[in-house]
Amino acid sequence: MRGRAPLLVVGDALLDRDLAGHAERLAPDAPVPVVADCGQRLRPGGAALAAYLAARDGHDVTLVTGLGDDPASRELRRLLEPWLTLIPLPLTGPLSEKTRVLAQDRPVVRLDRGDGRVAEATGTAREAIRRAPAVLVSDYGRGTADALRDVLTACPPLVWDPHPRGGPPVRGTRLVSPSEQEAYGLTEVRAGREGDLRLAAHGAAELVRRWQVAAVAVTLGARGALLSYGEHPLLVPAPTVHPGDPCGAGDRFAATAAGLLADGALVGEAVEGAVAAASGFVGAGGAGALPGGEAAEGFPPADGDHGDGDPYALAARVRAAHGTVVAAGGCFDLLHAGHVGLLQAARRLGDCLVVCVNSDASVRRRKGEGRPVNPLADRVRVLRALSCVDAVAVFDEDTPERLLTELRPHIWVKGGDYAGADLPEATLLEKWGGQAVLLPYLDGRSSTALLTRVTGGAR
């Protein structure tokens, strides 16, 4: 959504590629699966994925990263330039590429090539860091963060996503987000003991003290994240456990946490939001389900639960499976039976339901001071808890037209209390063959009426 804080991402970009098909037999010359009918999808990887996700969240993003003139670098530029501003650093070799071969949506093998590293910084990159109000470091051990360490030390970032082959985060970083195995590798705690929260807590506390950072959040996959300020940790559980592809979940976590901190959230709030976003990201298909890139006709959509994560990935995934995307919008300040009935009916119209919610500022402009009663984070959490809601998207404008243009739903739903009113969204949906519809609203139910009764204005 517009109006969110700008974000500078510093780190090592990769070009990721999925070759996805199906395997039904072994090769005659070796006991390996034969993957047939492969379709290809390209996407940003590493720091480029974190920056891309932050841009899709509505932040004005600048990415400082190593890029050359090799084919992989040119392809990555093509993927990123519509979304963000690039400040390239020179590479000593070709950009790193990661190619996954998948059969029935499960990885069979990964192929890596490209050994380019950032050897030196530029004055433009240094000045961008000095001027940036918020910085995320996404270190993939290929030299970008090390080349800019001196200026990052003077301007500590909000979030540092570390890598075993990279250097430590700079002193004063607000939040560091290693995975569980990364945390074990960076401390004296022995690896291979996943699931032991006591060891994870000791490791996180040790890293807070050693690195002299404000907080460390050890990401625990489906179990959520363990947040430590150096003493008693806070366990932030995942709201929903999904069996989907976890590729890119760490970048989703870091991008969300950095964005929320940039917007003024507390560290605990940012980690809670990042855990929810990463969980939903996995449920929506992970990085492999992101829109854009290059897809061959045979590329199969992932199956299973749509999840409650990235609404754009969800909509793209349902469209790719020739399903129907339904969207509904509103403030949903005080959720009541009228809202629930509307959303349940909307979900029955298609294969997924994305709820478009007004930001706090948007509600205030529409409803006046004192509204919303419930802040955005609470309204989103309640909506996501409804079984009929597959994803939630937020817009900051007075109308959701920009958001709808990006989601491109087949059906746009409004409550019956809009009957007779002008619906500018209807004309918009016609541009891509969509349809706006009105659904009956339960009589007498409204957030305003509820609020009036609560405050004693009606009996």
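**Salt bridges.** I started with the network: salt bridges link D18, R43, R100 and D245. The model is predicted. I then searched the whole structure and got 23 salt bridges.

I looked up individual pairs next. E127 and R131 meet through their side chains at 2.8 Å, N to O. Both sit in helix α3 (residues 123-131), four residues apart, so about one helical turn separates them. E127 is partly exposed at 32% relative accessibility, whereas R131 is exposed at 66%.

R149 and D146 form a salt bridge at 3.5 Å, N to O. R149 is partly exposed at 22%, and D146 is partly exposed at 39%.

D360 and R379 pair at 2.7 Å, N to O. D360 belongs to helix α12 (residues 360-367) and R379 to helix α13 (residues 376-384), so this pair ties together parts 19 residues apart in sequence. I checked burial too: R379 is buried at 2%, while D360 is partly exposed at 23%.

**Cores.** I turned to the largest nonpolar core, which has 52 residues. L63, V159, L175 and V271 have the most contacts inside it. Elements giving two or more residues to this core include β4 (61-66), α8 (249-262) and α9 (267-283). α1 gives the most, with nine residues. Another core of 34 residues lies apart from it, with L8, L89, V208 and V216 among them.

**Helix α7.** I took residues 197-211 last. This helix has 15 residues and spans 21 Å from first C-alpha to last, close to the expected 21 Å. Its buried residues include L199, E206, V208 and W211. Among the elements covering the buried residues of α7 are α6 (180-186) and β11 (216-219). Q212 follows α7 with a positive phi, near 55°.

Notes: Residues are numbered from 1 along each chain as its sequence is written. This is a predicted model: local features need pLDDT of at least 70, side-chain atom pairs count only at pLDDT 80 or more; totals for chains, interfaces and linings use all residues. Side-chain values use heavy atoms; hydrogens and water are left out. A nonpolar core is a set of buried Ala, Val, Leu, Ile, Met, Phe, Trp, Tyr and Cys residues joined through side-chain atoms within 4.5 Å. Buried means under 20% relative accessible area, exposed over 50%, partly exposed in between (1.4 Å probe, protein chains only). The expected span of a helix is 1.5 Å times one less than its number of residues. Contact means heavy atoms within 4.5 Å. A salt bridge is a side-chain nitrogen of Lys or Arg within 4 Å of a carboxyl oxygen of Asp or Glu.
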